[in-house]
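Thanks for coming. I will go through a few local features of one model, then stop.

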Amino acid sequence: MTDFTFCSSTKFVFARGACDRTGAEVAAAGYKSALVVYGQGSVVRTGTLQRVLDSLDAAGVAHVELAGVRPNPGVDLVRTGIDVAREHGCDLILGVGGGSVIDTAKAIAIGVPYAGDVWDLFMGAAKPVAEGKPDVASVLTIPAAGSESSASCVITNDELQLKRGLSSELHRPTIAIMDPELTFTLPAYQTAAGVTDMIAHVMERFFSSVGPVPVTDNIACAIVRALIDEAPVALANPEDYDARANIMWAGTLAHNDLAGLGRSVNPGGRAGGWESHGLEHELSGHDPSITHGAGLAVIFPAWLRYVWREHPERILSFGRGVFGIEPVNAEEDGVDVTPEEAVADAAAATIDELQEFFVSTGMPRTLGELGVTEEMVEELLPTLERNKGAVFGDFKRLTLDDARQIYLSAL
Ligand code: NZQ
Ligand code: ZN
């Protein structure tokens, strides 16, 4: 078990109707003026936005709005939001939506006190500063990215075709309003993509080069098991409160770092090499119509098939903890397989089960289903190199040729 420092400083308000308490929570925390950021219309149609605005009014919190955040959000709207937040002297950027909206809110917050172009912060050319920075809070409407309490923020620069993440404690949200009823309106595809993303967040940490950490490994497997149980319930009955609530909380636990503690190679760093996320971000960065979770549903199994042999005990542990899969024992089970074949069979069965689960929820099996072609794979590699370097990852160090093989195997 490796050393860690863990601080999950977000206040979670998790309840039926929590949405109507947004203003009271914001005012109690001392905020006076909020920039309310939202997406392309769902929160208007569902009435969520109006409820949030009413609660801000009732609590005497001034507000101004920024609409139109698209999935896989772009930096252009972030720049607009920075101008608006400065003009109105906002001390809070309040995202009402999912990962795309909350990440936009985070980028606006760190951009406000920075004199240069906010994209510099994503390129590592400058560091975010605390002085003069508004805080971030969220009203979560889609459980998926875990941005409501994560230190991460992912933004795309369309001009440069770069989708980049930036981790900073400075934009970790101070308040997360979590009202599972807000997720009743989610389309099945977004529900399934969200669940896939959560499972991927757990697995990125689980499949690190660090050996077993039983307490963390058990937490990880429990989150994945709960998601595999609850997702079909929510898909069959979108208004099942308990299924929606369990999925929502699982999404937070999957990504607030709890599920990776003690598994980090670099003390203080995040567990795992985030290889599948790196490979997926190229897909949704090049084509923002690709849903992040749907890309992961294809990439994660393909990556696992390519790399599991580096640390076979990890895939065995995952298969056992999530699906109850054990390698056969030639002597006890009276079968004619070598121990190596038994391990390979158990690994393959585990990855197959995982992929079948994703597909059963409506997620794609192949990159072809997402419109990715062999030619496009070649276009992804140069930006992958710019984002991750020529060699990246932790479980197995991947070259660009490895990346090509993984993409091609998933076509
Ligand atoms: O734009 P609107 O109209 O609001 O529609 C959204 C959007 O089309 C819709 N939606 C959200 N809540 C809804 C709803 N529709 C009906 N009812 C509701 N209650 O869902 C669609 C997807 O929303 P989005 O915010 O894009 O989804 P998600 O939360 O999956 O966020 C994806 C983004 O987060 C990044 C991804 O790369 C992607 O850019 N990530 C952020 C992370 C982080 N900050 O920690 C980590 C993740 O690994 C991920 O990379
Ligand atoms: Zn993700």
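Which helix does glutamate 340 lie in? Glutamate 340 lies in helix α14, residues 339–360; helices are DSSP runs of H or I with at least four residues, strands are runs of E with at least two, and both are numbered from the N terminus. This is a predicted model, where local features need pLDDT of at least 70, side-chain atom pairs count only at pLDDT 80 or more, and totals for chains, interfaces and linings use all residues. Residues are numbered from 1 along each chain as its sequence is written, chains are lettered from A and ligands numbered from 1 in the order in which they are written, and side-chain values use heavy atoms, leaving out hydrogens and water.

Glutamate 340 counts as exposed because its relative accessibility is 57% (exposed is over 50%, buried under 20%, partly exposed in between, with a 1.4 Å probe and protein chains only).

Next, strand β2, residues 33–38, where six of six residues are buried. Ser33, Leu35 and Val37 point one way, and Ala34, Val36 and Tyr38 the other. β2 pairs in the parallel sense with β3, residues 62–66, over five bridges; pairing requires at least two DSSP bridges between the strands. Leucine 35 has valine 64 of β3 as its bridge partner. β2 also pairs with β4, residues 92–97, in the parallel sense over five bridges, and there valine 36 is bridged to leucine 94.

Last, backbone angles. Most residues other than glycine have a negative phi. Asparagine 72, in the loop between β3 and α4, has a positive phi near 55 degrees, and is buried at 6% relative accessible area.
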